[in-house]
Number of protein chains: 2
Amino acid sequence: MDKKYRLSVAEDAAGLGLVGGFKVAGVACDIRGNGDMSRLDMALIVSDKLSSAAGVFTTNDVKAAPVLVDISHLEQSEKIKAVVANSGNANASTGARGIEDALKECALVAEKLSVKPEQVLVCSTGRIGEFLPMEKISDGIGKACGGLSSSPEQSEAAARAIMTSDTRPKTVLAEVCVKEKCFKIAGMAKGAGMIEPNMATMLAFIASDAKISQPLLKQILRFCVNKTFNRITVDGDMSTNDTVISLCNGESEVEIDADADAQEAFKEALLAVCRSLARKIVGDGEKITKVVEVKVEGARDEEQAEKICRAIGNSLLVKSSWYGCDPNWGRLADAAGYARTGLNPDKLDIFYDNVPVLKGGCPLSEYKEQWRDIVKRKNFTVTLNLNLGNASESILAADLTEGYVNFNKGE
Amino acid sequence: MDKKYRLSVAEDAAGLGLVGGFKVAGVACDIRGNGDMSRLDMALIVSDKLSSAAGVFTTNDVKAAPVLVDISHLEQSEKIKAVVANSGNANASTGARGIEDALKECALVAEKLSVKPEQVLVCSTGRIGEFLPMEKISDGIGKACGGLSSSPEQSEAAARAIMTSDTRPKTVLAEVCVKEKCFKIAGMAKGAGMIEPNMATMLAFIASDAKISQPLLKQILRFCVNKTFNRITVDGDMSTNDTVISLCNGESEVEIDADADAQEAFKEALLAVCRSLARKIVGDGEKITKVVEVKVEGARDEEQAEKICRAIGNSLLVKSSWYGCDPNWGRLADAAGYARTGLNPDKLDIFYDNVPVLKGGCPLSEYKEQWRDIVKRKNFTVTLNLNLGNASESILAADLTEGYVNFNKGE
């Protein structure tokens with residue numbers, strides 16, 4: 001069956017500015033306060049027209065000030081003009097003054113762009129428990145508004161400006177054509193690594209020139225985030241600042257709501273963008289050496305499959321053995337068991353890639369050498385078949401290294 | 001108010017054999033198969049009379065063969081004569097043959113002691129996915145039955161025989177007198193460390209000469225295990241073999257069921273024994289440098305308090321910062337938040353020992369030097385007051401070290 005659309009994905013192409021009607025900037029304003037003006041630390045994304053906007057935020061009970069402000073702004077306004085983001089300071093655990101500062105950032109950007117403050121969103125990532133240096137933030141906003149551009153250089157500068165312990169910027173650009181009409185979706189993200197040395201925050205910004213209503217965008221974004229960013233784990237910790245924001249300004253005139261083909265195309269393209277950024281985040285996890293796909297098949301339902309995926313992907317013993325290239329399947333079975341989903345150990349099959357490890361609960365030691373070869377690789381797949389039903393789920397998980405502990409032990 | 005009983009606890013006193021009517025043995029039978037007959041690897045505990053018995057077992061869906069056999073034996077028989085335990089092989093993920101082997105161990109002991117097989121319990125800890133060397137096990141059982149004694153030396157040998165990666169045996173002896181009549185409770189345990197290099201198994205054996213019915217023993221043991229062994233965390237992983245067994249043979253003639261004072265005394269003494277063994281287990285966790293008590297107060301209910309304790313005690317970021325002596329309270333707030341219990345960040349207070357860190361969600365940086373001094377210690381307390389209600393809970397948690405990762409990476 002022919003697909004009704006063409007989708008192409010350019011990995012690592014920095015392109016928020018390449019999307020019709022968007023301009024971006026990445027500038028330095030010394031938010032870390034060490035006088036290093038060569039380190040970019042503020043990104044600004046602006047749409048010429050007001051955009052449909054949706055956000056997915058951390059479900060942590062302790063939400064940072066910018067998260068609370070964004071949730072409120074998206075309730076007040078379906079259309080958003082701009083997003084300002086800084087690294088170096090998370091504006092988290094900062095009480096009422098933190099909220100005031102986040103609101104002020106929105107107001108400063110709104111004033112420069114002649115829109116309402118609630119039409120601006122704000123993100124922060126970095127050290128927590130410290131107040132934002134508002135004078136520097138204000139200078140940075142001025143500089144960023146002056147430097148807005150649709151050039152690839154500014155797109156890359158923006159992607160660099162949100163980095164904390166990331167070792168490289170994370171970007172992707174998708175182009176989609178439906179019935180001869182084309183639109184773009186570009187994304188940039190920063191990783192779930194520890195931050196100097198505080199929180200593990202993930203931020204992602206996705207810009208598109210498709211024309212889509214806010215409710216539909218919200219629904220599709222939530223679906224895509226759930227299948228991608230919520231299916232990766234480095235250390236199992238969830239930050240106070242995690243945020244994914246999507247802006248769609250309609251510049252391409254490709255209507256998504258009314259056309260089933262266009263809707264399918266948009267969903268697949270957004271999923272591809274989110275998946276690409278999520279893979280880049282886990283692959284750049286702090287001091288990791290491996291990314292392992294954990295698949296659970298034959299589950300009674302998706303909830304069971306997901307619980308087992310997470311128990312395995314977050315097990316310190318499992319992650320340590322991946323680091324050591326040890327085909328320690330016993331730890332996989334143990335972690336699957338303590339997810340306590342009612343699996344039947346006598347029906348459990350386990351595979352490294354396609355090589356069987358356990359069949360109906362009994363080990364197949366004759367393949368030991370093959371297991372060893374597989375777990376030495378930088379990427380491999382662990383599959384558990386529960387043989388209880390038809391549901392499946394998977395996640396991407398990093399290993400646990402001595403470097404991680406050393407990097408995160410702090411002072 | 002005077003207590004109606006006297007309780008004294010002798011830490012590190014190896015004393016299962018010192019409890020009236022019990023004899024024990026610890027022998028070597030080369031279960032690891034490396035010819036090292038100097039390493040004790042089988043313990044046997046025998047009561048002269050049949051004992052009331054209760055067990056608390058792993059809730060992992062994947063239960064090792066001896067756990068399944070013990071659950072069945074305790075259903076068939078309220079009275080137990082003996083427990084046989086080996087280290088070096090967990091008899092887990094061994095299918096039907098594993099069950100057959102565990103049953104055979106019980107039958108061998110039963111034959112020697114002239115009781116029914118279902119009056120014997122069996123425990124294993126060690127490598128998984130390998131069948132027990134039954135000839136060696138049989139030799140070991142013969143040797144252990146021949147060596148039974150009530151001497152402190154055999155009590156210590158038994159405590160050593162169940163060790164895997166433990167660096168020291170873990171024992172405790174409590175003596176209780178109620179209205180001039182006295183009884184003893186002695187315990188021995190092995191730790192939740194990784195096993196050569198497979199599972200993290202915890203085993204504990206508690207012997208008493210108090211006279212108590214099986215249903216009451218079961219109820220009190222469950223309560224005590226929940227407040228102690230279930231409140232420690234090294235790495236958050238739960239094994240396929242975790243087992244706590246208590247035998248009470250009534251030799252002292254102190255009746256527990258009918259006397260409220262005696263019941264209170266028994267409960268407090270059993271709790272003290274369990275607490276002591278649990279502390280020893282976490283304190284001997286693999287390559288740890290610290291044991292931190294995590295307390296949550298002012299919670300709506302105990303469930304909320306416990307969830308937050310566990311999120312903090314199992315957070316890799318929190319545990320890494322403890323290792324690094326970094327007073328990184330932000331990670332405490334973050335982990336408390338992602339337990340998603342509906343805490344209110346604006347009401348949150350945090351303390352290192354008694355020094356305030358956060359008050360109503362705002363940091364009190366003036367005490368920073370005091371925080372630093374506290375988190376350098378080998379033991380300290382982290383307290384979170386949610387200011388939402390009156391419930392509280394606490395757990396003991398170890399730090400996460402580079403040594404742990406190195407030790408557990410395997411091959």
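**Chain B sheet and the A–B interface**

Strands pair if DSSP finds at least two bridges between them. The model is predicted: local features need pLDDT of at least 70 and side-chain atom pairs pLDDT 80 or more, while totals for chains, interfaces and linings use all residues. Residues are numbered from 1 along each chain as its sequence is written, and side-chain values use heavy atoms, without hydrogens and water.

**Sheet of chain B**
- Strand 9 of chain B runs parallel to strand 16 (residues 391-398) of chain B, and two bridges join them.
- Ile232(B) has Leu396(B) as its bridge partner in strand 16 of chain B.

**Interface of chains A and B**
- Contact (heavy atoms within 4.5 Å) involves 56 residues from chain A and 56 residues from chain B.
- The two chains, A and B, bury about 4,700 Å² between them, 56% of it on carbon and sulfur atoms; this is accessible area (1.4 Å probe) lost on being put together, summed over both.
- Zero salt bridges are counted between chain A and chain B, taking a side-chain nitrogen of Lys or Arg within 4 Å of a carboxyl oxygen of Asp or Glu.
- On the side of chain A that touches chain B, helix 8 (316-323), helix 9 (329-338), strand 14 (362-363) and helix 11 (402-408) of chain A each give two or more residues; helices are DSSP H or I runs of at least four residues.
- Helix 9 of chain A gives the most to that side, with seven residues.

Methods. Chains lettered and ligands numbered in written order.
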